Amino acid sequence: MPRAKVTFEDIGVTVDVPAGTRLIEVSERVGAGIVYGCREGECCTCLTRIIDGYGNLAAPSVLEDQVLKDNLAPRHHRLACQAQVLGGEVVVEPG
Ligand code: FES
């Protein structure tokens with residue numbers, strides 16, 4: 001199975017995960033500071049800044065896109081409970 005690397009800038013940790021893993025799952029596992037609420041892409045609590053490797057995440061769903069717009073999310077921010085890592089390297093920090 002393809003794998004990907006995720007780095008959490010806030011705690012300086014890099015982890016190797018299977019492709020398809022959502023950012024929030026990795027964050028929980030390593031104790032990074034991404035907080036969350038609904039985990040269903042609705043509350044925007046888990047807003048996360050993608051510092052590098054934005055293109056290595058699956059494209060946002062229509063719902064995620066809408067929630068990001070409704071909450072005036074800056075460019076290159078994603079919902080950690082929705083964003084799946086596809087491969088390569090991704091660097092993030094709580095948004
Ligand atoms: S936890 Fe609610 S949108 Fe991610």
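**Figure 1. The whole chain.** With 95 residues, a compact globule would have a radius of gyration near 12 Å, and the protein chain agrees, coming in at 12 Å (radius of gyration over C-alpha atoms; globule rule 2.2 Å times the number of residues to the power 0.38). This is a predicted model, where local features need pLDDT of at least 70, side-chain atom pairs count only at pLDDT 80 or more, and totals for chains, interfaces and linings use all residues. Numbering starts from 1 along each chain as its sequence is written. The C-alpha trace spans about 30 × 25 × 20 Å along its principal axes.

**Figure 2. Elements in order.** The protein chain has two helices and five strands (DSSP runs numbered from the N terminus: helices are H or I, at least four residues; strands are E, at least two). Along the sequence they read β-β-α-β-α-β-β.

**Figure 3. The buried side of helix 2.** In helix 2 (residues 62-70), Glu64, Val67 and Leu68 are buried (20 or more other C-beta atoms within 10 Å of a residue's own; exposed means 12 or fewer, partly exposed in between; C-beta atoms are placed from the backbone). They sit on the same side of helix 2 because they cover an arc of only 100 degrees around the axis (taken from the directions from the helix axis to the C-beta atoms). Strand 4 (77-79) is included in what covers these buried residues (contact means C-beta atoms, placed from the backbone, within 7 Å).

**Figure 4. The other face, and what follows.** Turned away from the buried side of helix 2 is a face with the exposed residues Val62, Lys69 and Asp70. Just after helix 2, leucine 72 takes a positive phi of about 55 degrees.

How values were computed
Two residues are in contact if their C-beta atoms, placed from the backbone, lie within 7 Å.
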